[in-house]
Amino acid sequence: MFTLTDYAGQARTMLPRSVWDFIEGGAGEERTLAANRAAFDRVRLFPRALSGTDRPSLATTVLGRTWRTPLAVAPMAYHRLAHPAGEVATARAAGAAGVPLVVSTFASRTFEDIKAAARGPLWLQVYCFRDRSLTRDLVARAESAGFEALVLTVDAPILGSRHRDLRNRFRLPKDIGPVNLPDGEFSSPSDHARAEFAPALDWSVVEWLLGVSSLPVLVKGVLTASDARLALSAGAAGIVVSNHGGRQLDGAPATLDVLPEIAAAVAGACPVLLDSGVRSGSDILAALASGADGVLVGRPVLHGLAVAREVGAQHVLDILASELADAMILTGTSSTGDVAAALLGPRAPATPPHVSDVGTSRAGSGPLPHSADDLRKADLHGSLRDPLLETMTFLNEITDRYPAAVSFAPGRPCDGFFDTEDVFKNLRRYLDHLEAGGASPDQVRSALFQYGPTAGQIREVIADWLREHEDIDVPAESVVVTVGCQEAILLAIRALISGPQDVLLVSSPCYVGANGAARLLDAEVTAVPEGPEGLSCADLRAVVRRERARGRRPRAFYLVPDHANPSGATLPLATRRELLELAAREDILLLEDSPYRLVSPGERLPTLKSLDRDRRVVHLGSLAKTLFPGARVGFAVADQTVVDETTGARVLLADELAKLKSMVTVNTSPVTQAVVAGMLLSDGGRAAEQHGVKAAAHYGDAMRTVLEQLEAAFPVPERSALGVSWNRPSGGFFLTVTVPFVADEAALARSAEQFGVIWTPMSYFYPDGGGEKSLRLSVSYLSLPEIVEGIARLARFITSSRAVPAPSKT
């Protein structure tokens, strides 16, 4: 039997991530829900023995209409995001459950269509617009359609920024706009609210509404007894206790905590309803015992709608009614009219809300202990609330939690290519190299034990190796040795993105480390989507010109030209040349990140940097995938000239990157630099190339095995019927599989727990949203037998996930 939690989990699996985030709201909504849930969790209901209660009456009467259960469906915008049937299906579900539906101003179906489907009371949630005639016309349409009440929202004169929507660049589909409002561009309710809502309202607006309509007016958003009394004085026919505005205001009280005081102030003069945080029948009973006449329920209904249309939405309402009946039986309450405060026992001690904004154990042990001296996460940098920064942590936890699972997630080199003794041999080789070059014993010791130059002490070795093996002919002074390529990415973005008008362009899908570094630096990112054939220079040109038309300055384009992470795509030679011409013509730099070249089989295409004649390419390199992952040695090749317009001085961009590095890591470990340099110098500089050939053969076999096993597991007719496909990279560590379901974290957890196979959701890699129905497989870290077993498990998981089970009606 489905529970409300099951519906939420299924809905999250089925809906695109951007839509799920929109429905669930941002950090403010999380804090508000957490505070409301914490208040309900503190409630204790007294059970009664031998009460003789069998079939309690759940009915209640509000504004002259009898509700089968003391709950109504709360106003929520754009039901069609959850299901194409939208509010029409919700109205049918509410009618079948015998409860009212409060229709949002931002409904995605017309009032007339909703009314035609409804069998129960309909109320209209009203926002008051700057243009009062717009509000009046909206109310008149609802009244003409047969709506029975107005619910004036008074606690949200503005709708605050929703960080998840900003992160996802969420925009409403054009066919899901607020159809009951005049035609216009509505990207989101918050955008519309800032432009159109009347923020400076007073209580006379209630009187005005009563003057333009014959419908009773309930006031939604009351959190104090004084406001409740003012609402009554203004002519309100009902009070809705709601902390919607608390989503933008930290510290707003939980609705259940203020409900008794408000109910006492009203003293039965009008119905009092509670909105926010209701998730069980016991919650409803607790609200009734605290003075409410009924409750409003929102998101769970949308979850049910997403999973199984009106059947799912009705089932959610029926679950709540059934749980309420059980709670009433256990407390000896025969009817809703008999509910009294005496049912409530002493409240449990308050605990911090269990949400990420407060601080929780990711292992699931609940809220972390804290004191009044704890920092507030809201006061830390906004990137720390960005789910992008949680992705790698989540993957690591899944891997640790299911050690027996076959993991296609880690993009790290195979352990079989490394010998512990090589560390000492290569360290000695580099020290010998210094001595052969005339370094004194004191200088050799200093090179190993002291910090060393910020730009790196093995720049000459790297420059020689690049010249010999990658045809990149640059002076050693243009090389900066970094702590992995990740630092090189960070330094390049920091140097080039100088103000709010500057934009970093990235290929989409994009390596998560580049996108994450930009977010840490508050750098604006604009995605250039890759098509089925990879990057199109025409698409890049269009994005550059569109950004300039918006008054912004595209500074650089980040890409992985060879066997990209995550897609596995490789840029053809003709496209590389076209890209360089475009960069020169449009005056942008190219940030080239190519860590998989030496470990991929077949002939290597030339790097962008080796083809670069106009110094348009900043080459970001790594020796981790090829030589020594644990050394974390990367580098940036930045031979561009920087001119000081004040003094006329000219320096290399590499010098500017080194300045930044001095404030980040000071320098890269001399010991790891020495070991890596020894590897590059080994066998006359050919050892690294020879190592790459061996590694490329292994990874080539791994990729071929994965592709062969996918072909065997999904023959052409079956793969077509299932909607399964994959690309076929010629090298690198990664490939992409398209699946017929939303491949998100919930699906990944199910895959690991029930089928013993781990992968990476591709949605992690799309800056603007996308990739919801695809996953990344890494082939680098597994043995061939493990790959065979892992693909067999993956096939069983994909086949089992192609259809979502229908909810039980019991």
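Modeller: What follows begins with a cavity and its lining, and then moves to helices and loops.

This is a predicted model, in which local features need pLDDT of at least 70 and side-chain atom pairs count only at pLDDT 80 or more, while totals for chains, interfaces and linings use all residues. Residues are numbered from 1 along each chain as its sequence is written, and side-chain values use heavy atoms, with hydrogens and water left out.

Three cavities of 30 Å³ or more are present in the structure. A cavity here is a set of points on a 1 Å grid over the protein atoms alone where a 1.4 Å probe fits but cannot get out, and lining residues have an atom within 4 Å of a point. Points are joined across faces, edges and corners, and volume is the space filled by probe spheres set on them.

The second largest cavity holds about 110 Å³. It is lined by 13 residues, of which W465, E470, S594, L598 and S622 are the closest to its centre. Both α17 (459–469) and β17 (617–622) supply at least two lining residues each, and β17 gives the largest share, three residues. Helices (H or I, at least four residues) and strands (E, at least two) are DSSP runs numbered from the N terminus. By class, the lining has six nonpolar, five polar and two charged residues, where Ala, Val, Leu, Ile, Met, Phe, Trp, Tyr, Cys and Pro count as nonpolar, Asp, Glu, Lys and Arg as charged, and the others, Gly among them, as polar.

Elsewhere, α10 (residues 225–234) and α11 (residues 255–266) have axes that come within 8 Å and cross at roughly 35°. The axes are lines fitted to C-alpha atoms over the stretch in contact, with angles from 0 to 180 degrees between N-to-C directions. In this pair, A225, A228, R229 and L232 of α10 meet E261, I262, A265 and V266 of α11 (heavy atoms within 4.5 Å). The contact has six nonpolar, no polar and two charged residues. In the loop between α11 and β9 (272–275) lies A267, which has a positive phi of about 55° although it is not a glycine.

Salt bridges (a side-chain nitrogen of Lys or Arg within 4 Å of a carboxyl oxygen of Asp or Glu) number 32 in the structure. In one of them, D442 pairs with R445, with the closest N and O atoms 2.7 Å apart. D442 and R445 are separated by about one helical turn because they are three residues apart in α16 (residues 441–449).

Terms used:
1 Å grid on protein atoms, 1.4 Å probe; cavity = no way out; pocket = protein on both sides within 12 Å on 5 of 7 lines; lining within 4 Å.
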